[in-house]
Amino acid sequence: MTVTEPAPTRVCVPPLAARARSVGGSPVRDILAVTARPEVINFAGGLPAPELFDAEGIADAYRAVLAELPARALQYSTTEGEPVLREALAARTSVRGLPTDADDVLVTTGSQQALSLLATALLEPGDTVLVEAPCYLAALQAFGFAGARVLGVPGDGDGIDPQALEEMVVRERPKLLYTVPTFQNPTGRTLPAGRRAAVADVAARRGLWIVEDDPYGELRFEGERVPWIASYPGAADRTVLLGSFSKVMAPGLRLGWLRAPAELRRACAVAKQAADLHTPTVNQLAAARYLADRDLDAHVARVAGVYRERRDAMLAGLGEALPEGSVWGRPQGGMFLWARLPEPYDTTALLPRVVRQNVAYVPGAPFYAGEPDPSTLRLCFVTQTPDEIAEGLRRLGEGLRG
Ligand SMILES: Cc1ncc(COP(=O)(O)O)c(C=O)c1O
């Protein structure tokens, strides 16, 4: 006798988590996808200039660690990071005015991972996070994935307004403030020393974590270095400083770090264990070797010199390219410049027309946690030569004039 089994009915697989479902495709991303074409002059990216990577120096460092320490370089490592790299990072931080021990540092897989780890370690769904308006896009994503309520703090050309910050802290009871105080992405602006002291003071009096993200600070073209918020009175026990080699060495290394008070750093280390166990050993050892054998500061000074010429090329051509009544910043370093066109220009609506001229920018709207300013846009000035920048701006002018 044969037993016939009932035909299996098809049952749907369970749905994605709500946080994954909420991350949809963006129309801007679709338009910007075409900017990968070689004929497009792309001011939309955020890529360091690849011809300036010290490929030879980095290759030497890898060769040395693989020849001399292969068993170590290719082995699992500790979650906190390779001691030799943590020592070097602590020394670089201390020399820049913030006394730091190797034990204060957790090496991360890019500073982007530090943001995810902090979100995991600090945020419950529904917790409030304050950010700059506008804010680095992938930080908005990291806090959004954690289910946070993300609110923008009003500011001006100098960055967040400490008075407005204090009012929001009192009203909204946030857990943390995320800020990029130096050569911010996307605006290029830098928070002056007086405001840094005031932000540290608000955090100290009102009870608030500060996440101070500084991937661009070393790329200074002019002006005096401004101390980290972490170094102001009251901020020491509540500020997490994030650093990265992405913009000063190479982003493909995926090397970042965070400097945080002990309890929070330990929580981030546990979160990192669950995320990736540790940052690739060979990359950490090669970076430490590079720092020992080469002069990273001299390399960064060379890169900053080239970026300065590119910023100047962009500043020189913007007046012609943008419609009358536009305003824009003059960043003293970093990679980005922010512009506002007069009303009723809408940079998202204008983008397809501009891209048809084979040039691209990023509209400002996605950088806002709350109500966007539709007339803003971000331009990256470091990836093209001055001649290409001049040509790109000519095309931008054509596109905007229609
Ligand atoms: C403000 C800011 N933070 C963090 C990152 C992430 O950098 P990393 O390559 O170190 O992950 C970026 C990258 O563009 C950035 O602009």
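## A cavity and its lining

Let's start with the lining of the second largest cavity, whose residues divide into 8 nonpolar, no polar and no charged. Keep in mind as you read that this is a predicted model. The volume of the second largest cavity is about 30 Å³. Which residues line the second largest cavity? They are Ile-58, Ala-61, Tyr-62, Met-249, Leu-253, Ala-286, Ala-287 and Tyr-290. Two or more of the lining residues come from each of the elements α3 (55-68) and α11 (281-293).

## The largest cavity

How many cavities of 30 Å³ or more does the structure hold? There are 2, and the largest has a volume of about 60 Å³. A total of 13 residues line the largest cavity, and Lys-247, Val-248, Met-249, His-299 and Val-303 are the closest to its centre.

Sorted by class, the lining of the largest cavity has 10 nonpolar, 2 polar and 1 charged residues.

Now turn to strand β12, residues 336-340. Is this strand mostly covered or mostly uncovered? Strand β12 is mostly covered, with 4 of its 5 residues buried.

Strand β11 (residues 327-328) runs antiparallel to β12, and 2 bridges join them. Strand β15 (residues 376-380) is also antiparallel to β12, joined to it by 5 bridges.

Key:
Residues are numbered from 1 along each chain as its sequence is written. This is a predicted model: local features need pLDDT of at least 70, side-chain atom pairs count only at pLDDT 80 or more; totals for chains, interfaces and linings use all residues. Side-chain values use heavy atoms; hydrogens and water are left out. Buried means under 20% relative accessible area, exposed over 50%, partly exposed in between (1.4 Å probe, protein chains only). Two strands pair if DSSP finds at least two bridges between them. On a 1 Å grid over the protein atoms alone, a cavity is a set of points where a 1.4 Å probe fits but cannot get out, and a pocket is an open set with protein on both sides within 12 Å along at least five of seven lines; lining residues have an atom within 4 Å of a point. Grid points are joined across faces, edges and corners, and a volume is the space filled by probe spheres set on the points. Ala, Val, Leu, Ile, Met, Phe, Trp, Tyr, Cys and Pro count as nonpolar, Asp, Glu, Lys and Arg as charged, and the others, Gly among them, as polar.
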